[in-house]
Amino acid sequence: MAAATLGEVPTKAFDTILTLDFGSQYTHLITRRMRELNILSEMLPCTTKIADLDYKPKGVILSGGPYSVYEDGAPHVDPAVFELGVPILGICYGMQEIAWRASPENVIAGVHREYGHSNLKALKGDDAHVDRLFAGLEDSMRVWMSHGDKLGALPEGFHTVAVSDNSEYAAIAHKTKPIYGLQFHPEVTHSQNGTQLLKNFAVDICGCAQNWTMARFLDQEIARIRDLVGPEGQVLGAVSGGVDSTVAAKLMKEAIGDRFWAVLVNNGVMRLDECEQVERDLKQHLGINLTVIDASKDFLEGLKGLHDPEQKRKFIGGKFIDVFEAEAQKIEEAAAKSGKGTKIGFFLQGTLYPDVIESLSFKGPSATIKTHHNVGGLPERMTNGQGLQLIEPLRSLYKDEVRELGRTLGIHEELVMRHPFPGPGIAVRILGEVTEEKVRIARQADHIFISEIRKAGLYDQISQAYAAVDPSRAVGVMGDKRVYGYIIILRAVTTTDFMTAEAFNFPWDFLQRVMNRIVNEVNGVCRVTYDITSKPPGTIELE
């Protein structure tokens, strides 16, 4: 690969593997495995038109999916993928898509479904081209299968390179072209040697350089920001105290210095003493010029009567922009009076890659899980060339990459490891309508929960934790009297990428201690529950 040109977007500056998503629950793991190998990977819907790409990937991976490729309405990839002239790897449904395109009769419904572990046998021969995918791997290994359909015949021009007990075509390779298919899922940890196989594809077959690191990304992104903003451009930044906005703010300060204006909006649904803590962290530790705006009354008033989570998110997202644009005007007016003529042209957000993925919706395998306030809740003027223009330097990063970037920027570990806090704040931790009473209850319960987690030394073992308020009430007995109080839902999860998550396994005495404190110290609460739902099927936040 030629040296990365500073100032370009990541997919132009780094060798990139394009992953086209057919709706598999494992698809995002493909991009994760690539990035663990220090290779940039971008995930896009399978309906993506290749002509719309502004870069040429080094290779393409077609993911698995829940459909049968031969059914009416099944999703199919843009045929131009096969005209890119780059290596292609089809996984499960992706392999069947390759075979189906050669001839629809190649894919059939399997007599026996194959889910879970399976013994795979690689058929290595004299054809070096075919064997490259399994180079350096054992001839026999356990892999993870998840399919009902399978190949009934080899596509013309292909060889079989691996078999399993139920799949006579568990892996195939074209005789002369770098096109490969796998019936199993190498991206999941259950597949032995799966990461090494993906490395064989990306590095040895596609020729990707393993140089996707946060140190290189930092240099590239600073140059890109400077080029985008210009020598006199001004940027207004939304900060919340969370790791995403903190890292984004520090990055912007490094890129343009005092031309960056950080703004924290007190929206009335922040955690206990949140604004004071953020002001200390950003001003004292990071030296960022921070303005705190108290708009709590406006937000709480606007949330009245809103019960649907999408309505709440979109109201908060839109109101945020109104407040920020008003602040930008104040800054410009003050600068004009001083003769500086400052013009705010950009608006910084800490949008992450999982936010983008979860907010995608297209006709085909995926549907919108939820609209993130910083992806789908923005007014149209923010994306049509009017008003402040969005600048999102973290948009291509996962959470663990953001944390590593924060360390590279010199942000202290306590801030880097701080649990995420959603932009809509406590509003999406109060099920249904938001009221001042419920905000008080959520704040106090959350403060107790997090304090006990820190006291027990468990904070860094947990990826995200909070207390939420259920709008229904339950009967209880307190002080020999009947009470009718709210129910607190505790949630704590572990995850590496926030695309999947598991509930944290607390000791029973810990949960009892937290319950006792909450029902005794938080007026209006009589019951406490712990949510053990994984993601999927649940999401990390309740709304």
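Reader: What makes a residue buried, and what percentage of the 543 residues in the protein chain is buried?

Author: Buried means under 20% relative accessible area, with exposed over 50% and partly exposed in between (1.4 Å probe, protein chains only). By that cut-off, buried residues make up 57% of the 543 residues in the protein chain. Bear in mind that this is a predicted model, where local features need pLDDT of at least 70, side-chain atom pairs count only at pLDDT 80 or more, and totals for chains, interfaces and linings use all residues. Residues are numbered from 1 along each chain as its sequence is written, and side-chain values use heavy atoms, leaving out hydrogens and water.

Reader: How do you know which side chain makes a polar contact with Ser 63?

Author: A polar contact is a pair of N or O atoms within 3.5 Å; within protein, one must be able to donate a hydrogen and the other to accept it, and residues adjacent in sequence count only if both atoms are side-chain atoms. The side chains of Ser 63 and Thr 27 are joined by one of 3.2 Å.

Reader: What else does Ser 63 touch?

Author: Contact means heavy atoms within 4.5 Å. Leaving aside residues up to four places away in sequence, Ser 63 touches Leu 20, Phe 22, Ile 30, Tyr 93 and Gly 94, among others. Tyr 93 and Gly 94 are among the buried residues of helix H3.

Reader: What makes helix H3 mostly covered?

Author: In H3 (residues 93-102), 7 of its 10 residues are buried. Besides Tyr 93 and Gly 94, the buried ones include Met 95, Gln 96 and Glu 97.

Reader: What makes a nonpolar core, and how many residues has the largest?

Author: A nonpolar core is a set of buried Ala, Val, Leu, Ile, Met, Phe, Trp, Tyr and Cys residues joined through side-chain atoms within 4.5 Å. The largest has 96 residues, and Ile 453 and Phe 506 have the most contacts inside it. A second, separate core of 33 residues includes Leu 120 and Met 145. Phe 506 also touches Phe 449, Ile 453 and Leu 458, among others.

Note on methods. Helix = DSSP H or I, 4+ residues; strand = E, 2+ residues; numbered from the N terminus.
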